Amino acid sequence: MLTFRTAWRAAFIEYNNAKEFLVYAHSSEDMKNVYNQLVSISKRVSGDLSLKIAYDDNVRYPMQWYTRHFTNRYDFDKQITKTLRDYPIIMVGQENFDKIGPVVGNNYYMYTYKRMWWPTEDYRQWNWPNIRNAITNPAMRSALWQIWLNRDYTEYAALSGRSDLNLATWEPSNSMRLYIRKDLTAQLWEFGAAPQAAEVVKEDPYKAGTISLEPVKVVANLNDKPFNAPRGLAVAADGSFFVADSRNNQIVHFDKDGNFLNSWGSPSGTMDINSPDGTFNEPWGVAVGADGRVYVTDTWNHRIQVFNPDGSFVTKWGSFTVNGQVDGFWGPRGIAIDQANRVYVTDTGKQRVVVFDSNGNYLTQFGSRGLDLGQLDEPVGLAIASDGRVFIADAWNNRVATFKPNADGSFMAEKTWDVDAWSSQSLEDKPFLALGANDDVYVTDPAGGRVLHFDKDGNFIQLWGGFDNTYLMGIINGIVISEDGHIWVTDATNNAVLEFALPKK
């Protein structure tokens, strides 16, 4: 009868919780409840199981099995990036609770559940004095009897001063969090929140430092031909500057006053690294070396091309590969050159920065996809400080990231600071940055038509643009600072290059 009673309780009463010693590590009943919620939500909004859901490597067990019939599920392993915002349902385990915060922000509701639990493991700490006490102490004998016979931990918890031996607080256990995007819950009255007051508009963190600033010069034509989505800019030693006129597939050279000097380039007609020299497929970045040569990121030909200032071709390098080749690009955009004439390229599609010598020989690389320090997500603009530090517009992580050089030529992640911008994931809205006096950092906010100014440590100084000026800037991509401290930016919407002079302090 005792054996029958124990078997019955193990199979039909305590089978799904952590009190039963005959079951070791297993998922809690919460996981079935989560699954049932996902099914209900998906059928409500789509009529089938096509709801987009994402889960990490912690939640893979047991959700990989439970969600096997969902057609749009995504196992993102450990790769937490802001692209997860495309998923109205996100599930993460305890290891990623802190990391997921910048992704979900205030746009998701959060629910915490027990994912797995284990029977109590107090036996791991038992020794002879404990065993002697369990035998000789009537209260402890009674408490252990209740656990053995009825899986009742009440007396044992009281004697041990434990508050984690009821199912609500049980330890050892492992939790998970379910995030449901607010625009989804608004469609589900039984899951959604009660009616609320109108949402408070978020205060602009840059409001106090916003200034009104009109361009002192607008360059909209080049030799009687208009720009077509100008992007990156670079200043030469003589003060002249070069513009990557992306959709005209050419590089344009102006003197320091914005007067047209020359241009070169033509469409390649293909997306091929073997396209003819001097042809382009939407060039985005341009830089000038100490030798005066002009380096161009030929973005969708996935290569770098080098020219003399007159436009004569010098050399090229690169190939289109996703993995397995150190100099293989996937949509390079930003480019910068340090004092030693080393060439830094943001390989945007592969979430890294690659460093070459001036002839295109590979030296090193740094960065990988993710949110952690040292990781990047859609890096675009970059600039090199006089001490060798690299500042990067880490676009989809909404931050500026800095790396410092090591003695062996490698780079170490140093710090990041958030930028309240860059929320768009359009292929047009790619931010660049430039360094001014004292390594102050100027970054473009393409979608907002703004320029933000920080000191080298990320403290906000001022902002201009937006919608409070006579000239309304469109998509602002490239930015460069001339020797006289004036700031030039490209306006890819209005097809112009703008010059600004900051007010004297």
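**Figure 1. Salt bridge between Asp394 and Arg399 in the predicted model.** The closest N and O atoms of Asp394 and Arg399 are 2.8 Å apart. Asp394 is buried, with a relative accessibility of 0%. Arg399 has a relative accessibility of 7% and also counts as buried, because the cut-off is under 20%.

**Figure 2. Salt bridge between Glu20 and Arg151.** The N to O distance between the two side chains is 3.1 Å. This pair links distant parts of the chain, its residues being 131 apart. Glu20 lies in the loop between helix H1 (2–12) and strand S1 (26–27), and Arg151 in the loop between helix H6 (138–150) and helix H7 (154–160). Glu20 is buried at 2% relative accessibility; Arg151 is buried at 11%.

**Figure 3. Salt bridge between Asp338 and Arg342.** The side chains meet at 2.7 Å, N to O. Asp338 is buried, its relative accessible area being 10%. Arg342, at 35%, is partly exposed.

**Figure 4. Salt-bridge network of Arg60, Asp75 and Asp77.** Salt bridges link these three residues in a network. Side chains of opposite charge can pair when their charged atoms come close. The model has a count of 24 salt bridges.

Figure 5. Ser319 is buried, with 10% relative accessibility. Beyond its neighbours within four places in sequence, Ser319 is in contact with Ile273, His302, Gln325, Asp327, Gly328 and Phe329. Pro62 is 257 residues from Ser319 along the chain, and their C-alpha atoms are separated by 41 Å.

Definitions and conventions: Residues are numbered from 1 along each chain as its sequence is written. This is a predicted model: local features need pLDDT of at least 70, side-chain atom pairs count only at pLDDT 80 or more; totals for chains, interfaces and linings use all residues. Side-chain values use heavy atoms; hydrogens and water are left out. Buried means under 20% relative accessible area, exposed over 50%, partly exposed in between (1.4 Å probe, protein chains only). Contact means heavy atoms within 4.5 Å. A salt bridge is a side-chain nitrogen of Lys or Arg within 4 Å of a carboxyl oxygen of Asp or Glu. Helices (H or I, at least four residues) and strands (E, at least two) are DSSP runs, numbered from the N terminus.
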